[in-house]
Protein chains: 2
Amino acid sequence: MKARRDVFQAIADPTRRAILGLLAQQSLPINMVAENFQISQPAISKHMRILTECGLVAITQKGRERLCEAQLNQLNEVTSWVEQSKKLWNHRFEKLDNYLIELQTKNQNDGTK
Amino acid sequence: MKARRDVFQAIADPTRRAILGLLAQQSLPINMVAENFQISQPAISKHMRILTECGLVAITQKGRERLCEAQLNQLNEVTSWVEQSKKLWNHRFEKLDNYLIELQTKNQNDGTK
DNA sequence: GCTATGTATAACCGTTTGGTTATGCAAATA
DNA sequence: TATTTGCATAACCAAACGGTTATACATAGC
């Protein structure tokens with residue numbers, strides 16, 4: 001349970017994705033989140049800490065309860081990375097692929113040897 | 001380095017995201033990928049194994065080289081999870097939020113007590 | 001055939017992860 | 001005031017992670 005969290009790591013765990021799925025539909029106090037899983041309350045608290053550390057969940061104290069609210073705009077970091085990568089990927093034939101050309105040249109040399 | 005990988009876990013590691021960024025632009029043999037990082041060749045091989053296990057990279061033997069090719073359509077799993085979650089999230093006010101209503105009712109009772 | 005190259009694999013290691021139980025504490029309730 | 005409820009936190013644990021070095025091995029080049 002260390003310091004700087006990032007969103008990619010946060011959503012790597014299936015339980016945390018499920019928690020986000022729940023909170024996406026309605027804000028809930030931690031104990032009501034915990035009811036939806038078989039793991040212990042401290043385990044849920046730990047997941048929640050990770051989710052809050054990277055801004056995916058915001059918590060507001062409500063009496064003795066702590067209301068958890070999803071902040072899914074933080075997923076934009078993921079979306080934009082995927083989009084950016086796919087953009088490059090789709091254009092990969094348009095740019096000269098130096099390595100492949102070099103490889104092909106080598107093969108041609110081999111052929112004429 | 002165990003069995004069933006999933007895409008979310010694969011992209012959780014910054015080095016693997018960087019590798020995908022590289023391969024998105026051009027297919028490369030493993031050693032040329034390794035040149036772009038300070039970590040050892042076995043470390044790169046391990047990352048590559050994880051990436052291939054979840055289908056994000058395909059490898060084809062080319063003589064003694066192994067050409068790595070990005071398969072970024074596998075990122076659709078991520079994209080669709082994000083989209084699905086955000087959809088629920090954006091509609092969270094439209095559906096009745098049972099917990100919050102219950103909470104509010106309780107508060108009203110408290111007020112009139 | 002010998003050497004160099006590209007890569008996989010094994011063995012190992014410290015750190016992180018995801019879980020547990022036990023405990024403490026503040027707010028709500030009786 | 002005493003008890004219950006809703007959490008956080010500490011201490012602990014096994015397993016997974018991300019890295020290392022050493023080694024093996026097939027292909028390429030001389």
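## Close-up views of a predicted protein–DNA model

**View 1. The hairpin of β2(A) and β3(A) and the strands around it.** In this predicted model, the hairpin formed by β2(A) and β3(A) has 2 residues between its strands, and Gly63(A) adopts a positive phi near 65° there. The two strands, of which β2 of chain A covers residues 57-62, run antiparallel and are joined by 6 bridges. Within this pairing, Ile59(A) stands opposite Cys68(A) of β3(A). Cys68(A) is also the bridge partner of Leu28(A), a pairing that belongs to the contact between β1 (residues 28-29) and β3 (residues 65-70) of chain A, where 2 bridges join strands that run antiparallel.

**View 2. Chain A as a whole.** Chain A contains 6 helices and 3 strands, and, read from the N terminus on, its elements follow the order α-α-β-α-α-β-β-α-α. Of its 113 residues, 40% count as buried. When contacts in chain A between residues at least 6 apart in sequence are considered, 55% of them join residues that are at least 24 apart.

**View 3. The open sheet of chain B.** In chain B, 3 strands form an open sheet in the order β1-β3-β2, with antiparallel pairing. Its edge strands are β1 (28-29) and β2 (57-62), each of which pairs on one side only. Between β2(B) and β3(B), which run antiparallel, there are 6 bridges, and one pair of bridge partners consists of Gln61(B) and, in β3(B), Arg66(B). The helix α4(B) lies across β2 and β3 of chain B and runs at about 115° to β2(B).

**View 4. The protein surface around DNA strand C.** Of the 25 residues around DNA strand C, those that come nearest are Gln9(A), Lys46(A), His47(A), Ser45(B) and Arg66(B). A phosphate oxygen of this strand lies 2.3 Å from an N or O atom in the side chain of Arg66(B), the residue that is also the bridge partner of Gln61(B) in the sheet of the previous view. For the side chain of Ser45(B), the corresponding distance from an N or O atom to a phosphate oxygen of DNA strand C is 2.4 Å, while for Arg16(A) it is 3.1 Å. Of the atoms of DNA strand C within 4 Å of the protein, 67% belong to sugar or phosphate, and the rest belong to bases. Both chains contribute to this surface, with α2 (14-25) and α4 (41-53) of chain A and α3 (30-34), α4 (41-53) and β3 (65-70) of chain B each supplying at least two residues. The most comes from α4(B), which gives 5 residues. By class, the surface comprises 6 nonpolar, 8 polar and 11 charged residues.

**View 5. The protein surface around DNA strand D.** DNA strand D is surrounded by 26 residues, and the closest of them are Asn31(A), Ser45(A), Gln9(B), Lys46(B) and His47(B). A polar side-chain atom of Arg64(B) lies 3.0 Å from a sugar or linking oxygen of DNA strand D. Two or more residues of this surface are given by each of α3 (30-34), α4 and β3 of chain A and α2 (14-25) and α4 of chain B, and the largest share, 5 residues, comes from α4(A). The surface has 7 nonpolar, 8 polar and 11 charged residues.

Key:
Residues numbered from 1 in each chain as written. Chains lettered and ligands numbered in written order. Predicted model: local features only at pLDDT ≥ 70, side-chain atom pairs only at ≥ 80, totals over all residues. Heavy atoms only, no water. Near = heavy atom within 4 Å. Polar contact = N/O pair within 3.5 Å; in protein donor to acceptor, adjacent residues only side chain to side chain. Helix = DSSP H or I, 4+ residues; strand = E, 2+ residues; numbered from the N terminus. Nonpolar A, V, L, I, M, F, W, Y, C, P; charged D, E, K, R; others polar. Pairing = 2+ DSSP bridges. Contact = heavy atoms within 4.5 Å. Axes fitted to C-alpha atoms, helices over the stretch in contact; angles between N-to-C directions. Buried < 20%, exposed > 50% of the residue type's maximum accessible area, 1.4 Å probe, protein only.
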